[in-house]
Amino acid sequence: MKKRYLPQYFPVLRHLAAVRQLNRCYYCEKPMSRSGTGLPTSCTAEHLVAVKESGKHSKRNIVAACLRCNQGRHQIQPAPGPAKYKAI
């Protein structure tokens, strides 16, 4: 399996997104726990446009999502947008 490249500033982008969203998941809007805890509510960074689809590691393309939503959204192909995901 090819290892993904994440820039050194990636954790900063995740943190900025969490602060901008008042520490609530972009999709389900529930409060998130600290990143790295492994809990379903753990804060993760989510690319709105996937890197494999030419999405960038940028403030405009990264939002904070709980681990549950981040993993669940990508099990649906193609991954739905936020409004459609909330309706599921």
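Predicted model: local features only at pLDDT ≥ 70, side-chain atom pairs only at ≥ 80, totals over all residues.

Reader: Is leucine 16 buried, exposed or partly exposed?
Author: Leucine 16 has a relative accessible area of 38%, so it counts as partly exposed. The residue is found in helix 1, which covers residues 10-20.

Reader: Which residues form a nonpolar patch on the surface?
Author: Leu16 forms that patch with Tyr9 and Val12. Together, the three have about 280 Å² of accessible area.

Reader: Now the overall layout. How many helices and strands are there in the protein chain?
Author: The protein chain has three helices and two strands. Starting at the N terminus, the order is α-β-β-α-α.

Reader: And what share of the residues counts as buried?
Author: The chain has 88 residues, and 33% of them count as buried. Its accessible surface is about 6300 Å², with 57% of that belonging to carbon and sulfur atoms.

Reader: What about contacts between residues 24 or more positions apart?
Author: Among contacts with a separation of 6 or more, such pairs account for 52%.

Reader: Let us turn to asparagine 61. Where does it lie?
Author: Asparagine 61 is in the loop that runs between strand 1 (43-47) and strand 2 (62-66).

Reader: Is asparagine 61 buried or exposed?
Author: Asparagine 61 is buried, because its relative accessible area is 8%, and the limit for buried is under 20%.

Reader: What is asparagine 61 in contact with?
Author: Leaving aside neighbours within four places in sequence, asparagine 61 contacts Glu46, His47, Leu48, Val49, Gly55 and Lys56. With valine 49, a polar atom of the asparagine 61 side chain lies 2.8 Å from the backbone nitrogen.

Reader: One more topic: backbone angles. What is phi of serine 54?
Author: Serine 54 has a positive phi of about 75°, although it is not a glycine. Serine 54 is located in the loop between strand 1 and strand 2. Its relative accessibility is 60%, so serine 54 counts as exposed.

Reader: And what is phi of asparagine 23?
Author: For asparagine 23, phi is near 60°, a positive value in a residue other than glycine. This asparagine is placed in the loop between helix 1 and strand 1.

Reader: Why does asparagine 23 count as partly exposed?
Author: Asparagine 23 counts as partly exposed because its relative accessibility is 33%, which falls between the 20% and 50% limits.

Note on methods: Residues numbered from 1 in each chain as written. Heavy atoms only, no water. Patch = residues over 30% accessible without salt bridge, like charges linked within 9 Å, V, L, I, M, F, W, Y side chains within 5 Å. Areas by Shrake-Rupley, 256 points an atom, 1.4 Å probe, with all protein chains shown as cover. Salt bridge = Lys/Arg side-chain N within 4 Å of Asp/Glu carboxyl O. Helix = DSSP H or I, 4+ residues; strand = E, 2+ residues; numbered from the N terminus. Buried < 20%, exposed > 50% of the residue type's maximum accessible area, 1.4 Å probe, protein only. Polar contact = N/O pair within 3.5 Å; in protein donor to acceptor, adjacent residues only side chain to side chain. Contact = heavy atoms within 4.5 Å.
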